[in-house]
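Have the sequence and the 3D view open as you go.

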Amino acid sequence: MLHVPEPARALGHGVIICSPIGYEMWSAYAAMRSLAGQLRDMGFGVLRFDYDGTGDSAGDHRDPDRLEAWVRSVDEACRYMLGQGHARELTLLGLRFGASLAALHACRQASPALRQLILWDPVVQGRRFVRGLRLIAASPPAGQEGALDEAGVSVAGTVHGAATLDALAGVDLLGRDAPPVRRILVLRRPEREDARDLAERWSAQGAAVECVSVEGTAELIERAAEEAQAPTDIFRVLRDWLARTPPAADAPGAEPAPGVAQQDRSRLSWDGVRLEESFVRVGPDELHGVLCQAEAGASRERLLIFLNSGTEHHVGPGRLWVEFSRALAAGGVPALRVDFQGIGESPLRGPSRQVRPYDSQQIAEVARIVEFARARGFGKVVLLGLCASAWIALHAAEAAGADAVMAINPQLYWRPGDPTPIELSRFRKPGAARRESRGAAWQLWSLLDAIGLRPRAARLLAGLRRRGIGVCLLFAEADPGIVYLRTRMGRRLRLLLASGALQLREIEAMDHPMHRHWLRPRALEVIERFVHGRGCGGG
């Protein structure tokens, strides 16, 4: 994503943001987008990008030489920025392992135009980083380790194979000489002595290094994406330091890379099938979307639309939506990954509006997304959501004119418009759970259902059935959402399932956000069967 300043304010200097890897990237995503906008307003051209095999980029974790590919991605980003003509000189700004990648690139003197380096809480010694990954990694049961590439790890859905872990562990910035750049800024947490040691070592070698102790990094990267806090104090330090950037030279620092051009589509291979991904703007709100389909003979029979999981952007939790959409497109079903307003790359209309899960505004946005699909000539439109967006999809399907809904772990006890933390605490009180269970044991809920007194969830699902909208509910084993359905509306659920209008699937050992990578093929199989089956309007 290229942030271009107004021509009158352009400084001729570009800032390339090197994001963290793994879940830290999801937590920092919105903040880094905000930072990019602030730097653009200062006159810098700013580029944000996904490393090879991450985000929207081609490839995946199974490809070889991940560390080398990521350093190469930084080099390609530099060449792209220069090739676009938006910068003559460059600054690399990296956070966490993104800072390590920026430093590795700079130490190789790979970009002659590189003048400045910003290392924000860098991973100085990779072995400590890998040790931390192993401590928090999810482990597959015996017999399924091969799904993680020979004793690799899965952390929040991001997989690092054994070879990748070895390469990461081998990173040691203290063993590198200072890179040949004009200025270096090291932002460190107060407790991070290794970052201070790095700054002192490079200063002793003659580099112009400024080391600043800052608070606020933990609140950004050690929280879920919905709870991450933008570090305004750190942003101020970054802006002040960058404001002292010397004027860019008149001559470009490097030749533009051949064949580098701005484009709205990319071509890649997935499971041996050539795919095309087009970057689109949806509706008057210009929602950001990525339309994925087979390069040759793409079908318009149906389209599967992936909605945001909470406030995580359109690649999905642990890159799940990218994996699923490309697998489906390779199998003949086009897919659209889309961001709601204010999430990912979509603009926010009205700065006073707060973006949150279960936002009723998103129900209206679904209608415009479906309208976009119809205008593109797609026949049947299937909505797919996880947790909050599954709730949104079910509530929006009728008004939006969708044909089917694939709802993963929906929490159908939510009330429209309720503040989610308040409702969540109410539902999960031990007393409320006991009342739900007792009502089911005494057949109270079945009696109320028989006389027409039903909860909102039952009325919602019955209404979708009457209008011919196919629904498949896919749950993690013992997820609170399926526990609610079975206790509070067990009788109605059995009747809906018997009618064939509703499908219900439960995957043993699957977790709510679907981070357990080795179980994803089972979920994909359920989705593929539904999309091609009768419940979705298939044969």
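Rings of Phe, Tyr and Trp (its six-membered ring) pair if their centres lie within 6.5 Å, with planes under 30 degrees apart counted as stacked, over 60 as edge-to-face and the rest as tilted. This is a predicted model, in which local features need pLDDT of at least 70, side-chain atom pairs count only at pLDDT 80 or more, and totals for chains, interfaces and linings use all residues. Residues are numbered from 1 along each chain as its sequence is written, and side-chain values use heavy atoms, leaving out hydrogens and water.

**Aromatic pairs**
- By the ring rule there are ten aromatic pairs.
- W120 and F235 are edge-to-face because their ring centres are 6.3 Å apart and their planes at 85°.
- This pair joins W120 in strand 5 (residues 114-120) to F235 in helix 8 (residues 232-243), 115 residues apart; helices (H or I, at least four residues) and strands (E, at least two) are DSSP runs, numbered from the N terminus.
- W120 has 0% relative accessibility and so counts as buried (under 20% relative accessible area; exposed is over 50%, partly exposed in between; 1.4 Å probe, protein chains only).
- F235 is buried too, at 2%.
- Ring pairs also connect Y358, W391, Y413, W414 and Y484 into a cluster.

**Charges over rings**
- R183 sits over the face of W241, 3.8 Å from the ring centre (the rule: NZ of Lys or CZ of Arg within 6 Å of the ring centre and within 35 degrees of the ring normal).
- R48 lies over the face of Y29, at 5.7 Å from the ring centre.

**Helix 2**
- Just after helix 2, G85 has a positive phi of about 80°.
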